Amino acid sequence: TKQWQKAADAAKQVIDLGIYKLFPSIETLFAVENELNDEFMYVYPCVAQGPGNVYMPHAFPPNYPIPSNWINYGAQFRTYTQFVKSFDPKDRRLKMIITEYTDTRGVRHNLLESPDGKPLDDSRSFKYIPDPNAISQNNGNDIPVVRYADILLSRAEALNELSGPNQESIDLINQVRTRAGIDNLQLASFSTKEQLRDHILAERGWEFFTEGKRREDLIRMGKFISGALSRGKNAKPTHVLYPIPQSEIDANPNLKQNDGY
């Protein structure tokens, strides 16, 4: 809601508690065995007996080799090649995205690019490392709603919106980058608030993919519609809101449908 001072203050209160910290191994943060960590602050709890985390059955590519206790929905949750290639090659978070695999018939598949370099937009996020004890679609991986990395980047964003590029914002971002194994940013690289805002949006993409934050981030930073248009989508300004269900309008005559629907 762009209440920048309140956001900065609230984030600082959490940081000053000294309770939460970044989990050292970003590659395994989302594995079942590591879900009781000091980074996850608020989660949707999931268990293999259900209700479970059902992301991975939607992300497995065709004929991906899986144990008999798992299931592959074939829903094809995919990741844009442009996004995968935006990572620093040294970024440890790239290890959570598969760009090739060998299927159950022994056929090797490249999910990133065709032999002539055409983007395939078919890579898959394996951020939620499949639960060895999953029962069909139900994996036991807890889904974070808020984790400490978000607190750090939220304060960095709020401080930039309040006063433009500043050393504290850079230091906060660098905590997340250091955990990912990539080089620190330098304050001198950012001369305007807009430059640092754009970079923070990129940082949040690299850190929070597959965590359900991208839409709200893009809307907050004014990039949701323009980004969709750049990908050839028929996006309109009214799409920053969802339609109100007709059943709710029927039940409450005081409700007015959002513009554009």
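Close-up 1. At 1% relative accessibility, aspartate 217 counts as buried (under 20% relative accessible area, with exposed meaning over 50% and partly exposed in between; 1.4 Å probe, protein chains only). This is a predicted model, where local features need pLDDT of at least 70 and side-chain atom pairs count only at pLDDT 80 or more, while totals for chains, interfaces and linings use all residues. Residues are numbered from 1 along each chain as its sequence is written, and side-chain values use heavy atoms, with hydrogens and water left out. Aspartate 217 forms a salt bridge with arginine 204 (2.7 Å, N to O), the term meaning a side-chain nitrogen of Lys or Arg within 4 Å of a carboxyl oxygen of Asp or Glu. Arginine 204 sits in helix α6 and aspartate 217 in helix α7, so the pair ties together parts 13 residues apart in sequence. Helices (H or I, at least four residues) and strands (E, at least two) are DSSP runs, numbered from the N terminus.

**Close-up 2. Arginine 204 with aspartate 150.** Arginine 204 also has a salt bridge to aspartate 150, at 2.9 Å from N to O.

Close-up 3. Look in the loop between β5 (124-125) and β6 (143-147) for aspartate 131. Aspartate 131 is buried, yet the nearest side chain of opposite charge, lysine 127, is 18 Å away (Lys and Arg count as positive, Asp and Glu as negative; His and the chain ends are not counted). A polar atom of the aspartate 131 side chain does lie 2.9 Å from the backbone nitrogen of asparagine 133. Leaving out residues up to four places away in sequence, aspartate 131 touches several residues, including Trp70 and Asn141, where contact means heavy atoms within 4.5 Å.

Close-up 4. Trp4, Ala8, Ala11 and Val14 are buried in α1. Seen down the axis, the buried residues fall within an arc of 125 degrees, so they line one face of the helix; the arc is that of the directions from the helix axis to the C-beta atoms. Their cover includes β1 (40-44), α4 (148-163) and α7 (214-220). On the other side, Lys6, Gln13, Asp16 and Leu17 are exposed.

Terms used: Polar contact = N/O pair within 3.5 Å; in protein donor to acceptor, adjacent residues only side chain to side chain.
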